[in-house]
Structure formats: C-alpha cells, structure tokens
Amino acid sequence: MATFDIKMPKLGESITEGTIMSWFVKEGDTIEENDVLFEVNTAKVSAEVPSPVAGKILKILFEEGDTVEIGQVVVVVEIEGEASDSGEIAESPKEDPEGTEIVVQAKEPLAETNDNSQFYSPVVLQKAQEANISKEELDKLSGSGEGGRVTKKDIEQYIAQRKSGTSETIQQEVQLPATNKPVSEKQFSSEDEIIEMDVVRRTIADHMVLSKKTSAHVTTVVEVDVTKLVHWREHHKEEFQHREGINLTFMPAIVEATTKALTDFPRVNSSVEGVRIIQKKRINVGVAVSLNDGNLVVPVIKDADKLSFSGLALSVDSLAAKARQNKLTLDEVQEGTFTITNYGSFKNIIATPIINQPQVAILGVGYIEKKPAVVETPEGDMIAIRHKMYLSLSFDHRIIDGALGGMFLKRIADYLEHWEK
C-alpha cells in the first residue's frame, strides 16, 4: 500500500495559513475521491476541502481550531498503488468541482512581511488572551515559526513555563506594571461588554496591521462629476433589468473605468517582493463586500479588462450574492491585483482605505450626491445642479509616486465623467 499526503490548499492571495474549523472524517474512515475532509477558515473565505484521492484515512495531523500554514501536510491517506521515493504519489494537483486546488507538491513559499514576530494567528491570540498575556508581553516572545513567528506550540510552551516560573527560557525579562496585571485589564470596567473576536475578524485585524507595516500608505482624493453616468443609468436600468435579470448599479461602470485606467497605467497593477516590482499581466479586480456579520470579504473578477459591461455587471452581482451567502470558492477570492471598496453605499463621502496586500493600491468610492456647481457653457459660466462623488486612492509610495497615483486616479475620473455606452 502507498500513502498520499494531503496538504493545506492555497487559500487566496496574501493568505499564508488557514484555521481548521471542523473535521468531517476520522482516522480509519474509508473515503472516495472528492469526499469533504475538513472545513477551513481564513479572513477571506470559509471552504470545505475535498480529497483528491480515494482511500483510507491513515493519520490526521491537526485538530479543530489549529491554524496550519499553506503547503503543510494535514492528513495522510492510504491508497492503492506504489509510493514514490518521497512517500507521495507523483501526480499533478487536482481540483474539486468548486475550483479548490489541492496542493500535493512542494510547500508554497510564505508571503514576505516586514515583522513576522508581530503577526499572530487567531489561535495564538486566543490562547494569549485566555492566559491574560498582554500584547506587550506577546511581542517579546521569540517564536520557532517562519521568520521567528510565534506558533501554537510556542505559546502553549510559554504559558506552561510562565505558570511554573521558568518563562525566561524562551523570552527576555518582560517589564509589567507594578500590579502584575496585563495592561489590557485597565482598559475596561465591570460595566463594559467584552466581545471576543471571531476567527475571521482576528485574521482581518492581523492583515490590516500587516498592511500598514508593509506599505508606505499615501491617499489622494479627486471629486468627480458623474452626471452623465447617473442620467445614463436612469435611462437604461429598466431595459437592463429586463434583459440581464439584475439591477443596474454604478459598480460595473466603476470597475470598467478602473480596468481601463489600469491598462493605461500598468505599474499600479503590481506587487512588491523585496526590492523587485512584479507587474501583473492579468487585471483581476477585487470588489469588497460587507457581510451581515460585520466582516468583509473581497471576491475577485478575473480578467476584468476582457469582460463586456454586461459581463462585469453579472460578475459583480453574482459574486456579491455568493459572498453574502458564504458560498464563495477559494478560486473566487484569490489572485486579485487591485481592489475597490465602496463606502458610498453607507452614504460616506471620503475615506482612506488600507491596501489589500500584496497589492499596491486600492480605490475608495464615495456617495453620489447632488451639488451646485459652476458649469462652463457657450453662453458663459452658470451654476447648475450636478451629481458629484469623491474617489480616493490609497497607494504604496514605495513604487508609486504622487504623480503616478494622481494621474491614475484622474484617469478613472475622466472615464466616469465622459461616460458613454
């Protein structure tokens, strides 16, 4: 008999690990190809991971609640056939019907960060909180994970040694307040409600802090006259609803204008690896979707520049609906090269969004409102009521200077102001 190692699958752009939420099998179970093995959760998506092979569950290496790095072996399956020298079957990766790629080759490299010791998995944060370990104390731990990162094993060992008074073996002396109480205990009273972050919110929090530490954020803002676009939508929304079966919103137009601008200024469609700029050939636009539980997910429209306007509208509508129903596949949240976030849906006019790593820019879309404006006409200047909105672009100043960021944002505004279909 041979064995087959099933590893933690790729979970999306910039995601380096996933938390196992539940197991659907146990050791000794017989499984068929595509049987669901476990559910994994990240900041971007929850997904059921199927088996690419049939066989018998020989060994389960992680428990529910464990956070596992991409490419790490999660479960070993006994199958019929001869093993290769490495103990794995020499096959290409397979995909399940939902598009989840099961990685059975070499471990994927982890995304670079500026300070891995400051980036913690949800499990580590939970165990630290349960043990009343303050953030300051946690930051001083030296971990055994990638780049010195604190792992579940590290925090468990530290907690045990802390209780026995031998914690100096894995950390330098920690200076705590004279009360010996964690700093966090001073931040609330008995009247306050303590709400534990769920796994998704913890991972989002980590990702946002990591982004601010990684990129030199700069935000620029432009006001856009979208009167033509508003009138065009009013004139065509009923026909579009009848023809396509979905509501006509402003987002497809914004996505189309953005993809055109990315074609005009390809440097914005990039990522950074150390001192190298990786300029992407594909334009994959992520559109942030607010979920009912208060969390956020960013489904990705692949090759957005190759889609028609109707194709973009259908993609935006379909992905948003699947996001709110928690039915997105892993493929639908990965490989994004640029992100759009629409805070205008909450009648907010201006914001400074945080870049979605490893991308180098993110577009914020404000609320469209009527304003009096000076309009140039053949008869001279006049005051008229116009539909105006603000667009904000946060960009990574490591590779995008103010001139490029400003020209790119102005190009999006130009496409929207001169909207024609």
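Glu17 stands opposite Glu69 of strand S7. The structure in which this pair occurs is a predicted model. Strand S2, residues 17–23, pairs with S7 through 3 bridges in the antiparallel sense. Both strands belong to an open sheet of 4 strands, ordered S5-S4-S2-S7, with antiparallel pairing. The edges are formed by strand S5 (46–50) and strand S7 (67–69); each has a single partner strand, so one side of each is left without a neighbour in the sheet. On average, neighbouring strands of this sheet are turned by 40° against each other, direction ignored.

## Antiparallel sheet S1-S8-S6-S3

A further open sheet contains 4 strands in the order S1-S8-S6-S3, and its pairing is antiparallel. Here strand S1 (2–7) and strand S3 (30–31) stand at the edges; because each has a single partner strand, one side of each is left without a neighbour in the sheet. S1 and strand S8 (residues 73–79) run antiparallel and are joined by 6 bridges. Within this pairing, Lys7 stands opposite Val73 in S8.

## Helix H4

Helix H4 covers residues 199–214, a total of 16 residues. From its first C-alpha to its last it reaches 22 Å, close to the 22 Å expected at 1.5 Å a residue.

The buried residues of H4 are Val199, Val200, Arg202, Thr203, Ile204, Asp206, His207, Leu210, Ser211 and Thr214. Among the buried residues of H4 are Thr203, His207, Leu210 and Thr214.

Helix H5 comprises the 18 residues 227–244. At 1.5 Å a residue these should span 26 Å, and the end C-alpha atoms are 24 Å apart, which agrees. Just after H5, Gly245 takes a positive phi of about 80°.

Which residues of H5 are buried? They are Thr227, Leu229, Val230, Trp232 and Phe240. The elements that cover these buried residues include S11, H6, H7, S21 and H8.

The structure holds 19 salt bridges. One of them joins Arg386 to Asp225, with the closest N and O atoms 2.9 Å apart. This pair links distant parts of the chain: Arg386 is in strand S21 (residues 380–396) and Asp225 is in strand S11 (residues 217–225), 161 residues apart. Arg386 counts as partly exposed because its relative accessibility is 23%, whereas Asp225, with a relative accessible area of 16%, is buried. The cut-off that separates the two states is 20% relative accessible area, under which a residue counts as buried.

Another salt bridge is formed by the side chains of Arg411 and Asp264, at 3.1 Å from N to O. This pair also links distant parts of the chain, with Arg411 in helix H8 (residues 402–417) and Asp264 in helix H6 (residues 251–264), 147 residues apart. Arg411 is partly exposed at 30% relative accessibility, and Asp264 is partly exposed at 33%.

## The loop between H7 and S18

Asp331 forms a salt bridge with Lys302, in which the closest N and O atoms are 3.4 Å apart. Asp331 lies in the loop between H7 and S18, and Lys302 lies in the loop between strand S17 (300–301) and H7, so the pair ties together parts that are 29 residues apart in sequence. With a relative accessible area of 33%, Asp331 is partly exposed. Salt bridges link Arg282, Lys302, Asp303, Asp331 and Glu335 in a network.

Leu330 is placed in the loop between helix H7 (309–324) and strand S18 (338–342). Is Leu330 buried or exposed? At 1% relative accessibility, Leu330 counts as buried. Leu330 and Pro9 are 321 residues apart in sequence, while their C-alpha atoms are 9.2 Å apart in space.

How values were computed:
Residues are numbered from 1 along each chain as its sequence is written. This is a predicted model: local features need pLDDT of at least 70, side-chain atom pairs count only at pLDDT 80 or more; totals for chains, interfaces and linings use all residues. Side-chain values use heavy atoms; hydrogens and water are left out. Helices (H or I, at least four residues) and strands (E, at least two) are DSSP runs, numbered from the N terminus. Buried means under 20% relative accessible area, exposed over 50%, partly exposed in between (1.4 Å probe, protein chains only). Two strands pair if DSSP finds at least two bridges between them. Axes are lines fitted to C-alpha atoms, for helices over the stretch in contact, and angles run from 0 to 180 degrees between N-to-C directions. The expected span of a helix is 1.5 Å times one less than its number of residues. A salt bridge is a side-chain nitrogen of Lys or Arg within 4 Å of a carboxyl oxygen of Asp or Glu. Contact means heavy atoms within 4.5 Å.
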